[in-house]
Amino acid sequence: QVHLVESGGGLVQAGGSLRLSCAASGRIVSINHMGWYSQTQGKQRELVASITSGASANYSDSVMGRFVISMDNDKNTVYLQMNSLKPEDTGAYYCNADLYYSVVSGSRYLELWGQGTLVTVSS
């Protein structure tokens with residue numbers, strides 16, 4: 001089995017910073033990409049940032065220049081450094097991973113979601 005474990009959410013004042021972490025564990029063969037999505041009440045989950053195992057990153061327009069995504073391939077962990085936070089960044093943040101894991105016959109593709117971590121930015 002493969003799991004994603006997130007950490008790092010919390011309450012911060014506007015202008016502050018937070019760092020989210022998401023570690024993939026289990027019989028992982030390779031990870032294609034990992035990313036972070038945010039969801040606020042009544043809205044669909046939206047991409048915040050994603051990164052490939054080759055370190056190619058993609059950001060939503062709303063966080064470009066403020067957030068930095070990185071991945072430690074050795075630890076199968078993705079990080080999201082969130083700077084200059086705004087109240088509109090408030091929401092639940094979910095980690096997503098696209099990977100292959102080991103099975104008896106070889107490997108199998110899996111897309112996983114984490115349980116979510118709450119980020120609250122006060123004005």
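**Notebook: surface, core, strands, charges**

I started with Tyr100, which is partly exposed because its relative accessible area is 31%. My cut-offs: buried is under 20% relative accessible area, exposed is over 50%, and partly exposed lies in between, with a 1.4 Å probe and protein chains only. Tyr100 sits in strand E9, residues 91-103. Strands are DSSP runs of at least two residues, numbered from the N terminus.

Before going on, I noted that this is a predicted model, where local features need pLDDT of at least 70 and side-chain atom pairs count only at pLDDT 80 or more, while totals for chains, interfaces and linings use all residues. Residues are numbered from 1 along each chain as its sequence is written, and side-chain values use heavy atoms, leaving out hydrogens and water.

**Surface patch**

Which residues form a nonpolar patch with Tyr100? I found Val29 and Tyr109, and the three together have about 280 Å² of accessible area. Such a patch takes residues with over 30% relative accessible area and no salt bridge, and joins nonpolar side chains (Val, Leu, Ile, Met, Phe, Trp, Tyr) within 5 Å. The areas come from the Shrake-Rupley method with a 1.4 Å probe, and for residues only the protein chains shown count as cover.

**Core**

Next I went inside. The largest nonpolar core has 32 residues, and Met34, Trp36, Leu80, Met82 and Tyr93 have the most contacts within it. E9 gives the most to this core, with six residues. A core here means buried Ala, Val, Leu, Ile, Met, Phe, Trp, Tyr and Cys residues joined through side-chain atoms within 4.5 Å. I then picked Leu80: leaving aside residues up to four places away in sequence, its contacts (heavy atoms within 4.5 Å) include Trp36, Val48, Phe67 and Tyr93.

**Hairpins**

E4 and E5 run antiparallel, joined by six bridges. Strands count as paired if DSSP finds at least two bridges between them. Ser38 stands opposite Glu46 in E5. This hairpin has six residues between its strands, and Gly42 in the turn has a positive phi of about 85°. E5 also pairs with strand E6 (residues 57-59), antiparallel over three bridges.

**Charges**

How many salt bridges does the structure hold? I got one. It joins Asp89 to Arg66, with the closest N and O atoms 2.8 Å apart. The pair is 23 residues apart, with Asp89 in the loop between E8 and E9 and Arg66 in the loop between E6 and E7. The test is a side-chain nitrogen of Lys or Arg within 4 Å of a carboxyl oxygen of Asp or Glu. Asp89 and Arg66 are both buried.

Terms used
Patch = residues over 30% accessible without salt bridge, like charges linked within 9 Å, V, L, I, M, F, W, Y side chains within 5 Å. Helix = DSSP H or I, 4+ residues; strand = E, 2+ residues; numbered from the N terminus.
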